[in-house]
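Look over the sequence and the structure, then read on.

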Amino acid sequence: MKKTIVGMVLLIVCALFAGGCSKDDASQIKIGLIAELTGDIPAVGASCKNAAEMAVAEVNAAGGIQLGDKKFKIKLIIEDNAGKADQSASAAQKLITQNKVVAIVGPNASRYALPAAEIAESGKVALITPWSTAPKATLDSRTNASKKYVFRACFIDPFQGGVVAKFTLDNLKFRKAAVLYDVASEYNKGIAEIFKTVFEQNGGKIVAFETYTTNDKDFSSQLTKIRQAAPEIIFLPNYYSEVPLQIQQAKRLGIAAPFIGADAWGSEELLKLCGSDCEGYYFSTHYAADAAGEATRKFIADYRSRYSATPDDVAALTYDSFGLLKQALATAGKNDRQAVRDALARIPRYDGVTGTMQFREGSGDPVKSAVILKIRDGKFTWFADAKP
Amino acid sequence: MAYFFQQLLNALQLGSIYALIALGYTMVYGILTMINFAHGDLFMVGAFFCFLLAVYLKLSFVPTLLLSMLGVACLGVIIERLAYKPLRTAPRVSAIITALGVGLFLENFTLALSPYPKHIPPLLTNVTWTVGAVSISSLQVLVIVLSLGLMLILDFVVWRTKAGMAMRAISWDKTIVPLMGVSVNKIISLTFAIGTGLGGAAGVLYSLAYPVIDPYMGIMVGWKAFICAVVGGIGNVRGAMIGGFILGAVEILVAAFFPSTYRDFVAFTLLLGLLILRPYGILGRPQPQKV
């Protein structure tokens with residue numbers, strides 16, 4: 001018994017030393033990354049982590065970032081939020097207080113970005129979320145004014161919802177739509193409501209507006225209701241892991257209407273999980289890998305050679321988030337949280353791999369274009385651009 | 001009217017899966033008065049067995065189902081031997097916490113293998129028949145018929161065989177039964193094997209009906225099935241079946257006739273009301289505490 005206790009004490013002491021010994025290198029810039037590595041959307045986290053590691057490796061291979069008269073290398077500290085809101089908040093807390101990072105990138109899904117953004121705001125550390133499109137992520141929860149420390153690399157849902165609604169009305173010429181969305185998830189709920197408003201304002205009719213909650217697998221009741229309402233198209237603003245189930249169940253119930261989606265569809269995993277069931281459907285997203293410009297093509301080629309996969313929108317947006325951060329660090333000229341935040345807020349325009357972003361004064365939301373992709377022969381293919 | 005029948009069919013499909021899982025909770029509780037909170041995760045393991053067998057060994061439906069059931073049943077028996085048996089005389093809270101731990105272990109073990117959701121290939125060609133305005137898919141029929149079949153077999157085992165009689169006897173009085181020459185350990189293992197095997201079967205049927213599976217899929221379904229077992233009267237095998245169909249029907253029909261946003265709220269209020277009227281569940285009988 002005594003031996004065990006002594007052993008345990010020794011172990012604890014060792015662990016303490018090991019923790020205490022991780023030396024803080026003064027010539028490093030520490031950047032935190034919060035990604036959904038496990039949980040319900042692990043493909044998103046994997047893309048985010050890959051792109052982040054690639055962006056950091058590129059900077060470090062070039063010797064680092066020039067701050068003052070010295071070059072600093074970037075150290076990336078990756079935290080998994082396990083697809084949970086509370087773990088996103090605690091990951092942000094840990095990065096800020098324990099790892100003392102200068103800025104944070106991520107989380108991606110809005111329902112995880114929101115809690116992390118609150119922590120970053122109160123901890124006065126700049127946070128860039130690559131993929132969270134819900135407006136609330138950059139807005140103060142009490143005053144509804146812009147948050148000071150939260151930025152993003154993507155467009156926001158009021159724009160995206162409008163793009164999908166207008167595309168459905170003008171290009172596809174459908175007037176009767178149904179919506180099925182996850183009422184417990186910030187992103188899905190926000191974009192569904194915006195779609196409904198814009199669709200109805202422009203002369204369309206929403207014949208069914210149905211909901212479910214995260215982790216549901218059976219949608220038969222809602223889909224039967226939708227079938228009853230006989231829509232011409234069904235809007236599914238849900239994540240790639242749920243959409244295949246919804247489409248397959250709908251087909252089994254004999255629903256023949258086509259489906260349309262938003263940027264949460266844009267993972268290669270969707271194609272794997274869907275098989276041929278998603279063929280021919282459209283969705284809005286951030287960039288099209290097959291219709292990219294010069295700079296973007298280089299990014300895609302580099303990413304392919306590193307990970308032998310086509311970068312999805314999360315990867316591209318994460319890469320852009322690091323691009324923004326790199327530029328901010330260079331202009332700030334010092335390894336300081338407040339200076340980096342101020343420099344980020346002063347970037348008027350950034351040409352990223354997902355297109356040109358323009359930031360308005362005092363807001364962390366860029367203005368940028370969206371693209372409509374079509375699923376054709378089991379691939380995401382460019383179909384149309386939508387300018388803001 | 002066609003709308004109502006369509007929804008009723010949906011309810012039957014969901015309810016039969018809930019019932020199959022609820023049976024596992026109720027059987028273990030009946031015999032050990034212990035709630036096996038790892039049962040939902042055993043159901044998940046069943047779905048992953050189905051994935052492995054169907055994708056890597058390319059087995060067809062019947063061997064996949066049987067081997068998955070067998071695999072999960074063995075796992076259930078092993079878990080009982082390693083984790084629960086040493087705690088049989090410990091306070092009940094210890095056993096429940098151990099069960100939660102086993103559940104977490106199964107989840108995170110599967111997660112460590114691969115966090116990505118998996119797609120189950122269609123093991124059977126699906127045909128959709130249209131009767132009037134009601135669409136019936138062959139998959140729906142298969143899920144309902146197979147579940148009902150398994151439940152009938154179980155009912156037969158529990159009420160018409162010697163092993164079943166021993167199970168009922170142990171749940172009645174654990175101290176007297178060994179004196180009659182019944183091997184309690186064997187019967188407990190058998191109960192675990194049957195209960196978790198049914199959970200494994202539910203995992204296979206579930207992953208055919210909802211072919212995207214992930215390591216967390218057992219949590220919510222497990223809780224819901226536990227509620228079914230309680231509503232039906234925990235410890236009572238027929239009660240668990242009734243409870244499963246009731247929850248399936250309530251969930252589907254509430255969403256069918258109310259805005260779907262209120263589904264869980266209305267569904268669980270109804271079930272709470274039912275428990276206020278019958279605190280021991282529909283078929284449960286109050287058990288006087290022996291002092």
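## The sheet of chain A

Seven strands of chain A form an open sheet with mixed pairing, in the order 8-7-9-10-11-15-16. Helices (H or I, at least four residues) and strands (E, at least two) are DSSP runs, numbered from the N terminus. Two strands pair if DSSP finds at least two bridges between them. Strand 8 (205-212) and strand 16 (379-386) of chain A are the edge strands, each pairing on one side only. From one strand to the next, the twist averages 25°. Angles run from 0 to 180 degrees between N-to-C directions, and axes are lines fitted to C-alpha atoms, for helices over the stretch in contact.

Strand 7 (residues 176-182) and strand 9 (residues 233-236) of chain A pair in the parallel sense, over three bridges. A:Ala178 stands opposite A:Ile234 in strand 9 of chain A. Helix 7 (residues 220-229) of chain A packs on the sheet and touches strand 7, strand 8 and strand 9 of chain A. Its direction makes about 175° with that of strand 8 of chain A. Here, contact means that the C-beta atoms of two residues, placed from the backbone, lie within 7 Å.

## How to read the model

This is a predicted model: local features need pLDDT of at least 70, side-chain atom pairs count only at pLDDT 80 or more, and totals for chains, interfaces and linings use all residues. Residues are numbered from 1 along each chain as its sequence is written, while chains are lettered from A and ligands numbered from 1 in the order in which they are written.

## Two domains in chain A

Chain A is divided into domain 1 (29-155 + 293-368) and domain 2 (157-285). The bounds come from an automatic or database domain assignment. Taken over C-alpha atoms, the domain centres are 29 Å apart.

In chain A, 17 residues of domain 1 are in contact with 17 residues of domain 2. On the domain 1 side, helix 2 (42-61) and helix 4 (110-123) of chain A are the elements that give two or more residues. Helix 4 of chain A gives the most, with three residues. This side divides into nine nonpolar, three polar and five charged residues. Ala, Val, Leu, Ile, Met, Phe, Trp, Tyr, Cys and Pro count as nonpolar, Asp, Glu, Lys and Arg as charged, and the others, Gly among them, as polar.

## A buried proline

A:Pro366 is found in strand 14 (residues 366-367) of chain A. A:Pro366 counts as buried because it has 25 C-beta neighbours inside 10 Å. The cut-offs are 20 or more other C-beta atoms within 10 Å for buried and 12 or fewer for exposed, with partly exposed in between; C-beta atoms are placed from the backbone. Leaving aside neighbours within four places in sequence, A:Pro366 is in contact with A:Ala153, A:Met357, A:Gln358 and A:Phe359.

## Chain B and its contacts

Strand 2 (residues 128-131) and strand 3 (residues 134-137) of chain B run antiparallel, joined by four bridges. B:Trp129 has B:Ile136 as its bridge partner. Two residues lie between the strands of this hairpin, where B:Gly132 takes a positive phi near 65°.

Helix 8 of chain B is mostly covered, with 13 of its 16 residues buried. B:Gly233 follows this helix and has a positive phi, near 105°.

Chain B has 28 residues in contact with 29 residues of chain A. Helix 1 of chain B provides the largest share of the chain B side, five residues. By class, that side has 15 nonpolar, eleven polar and two charged residues.
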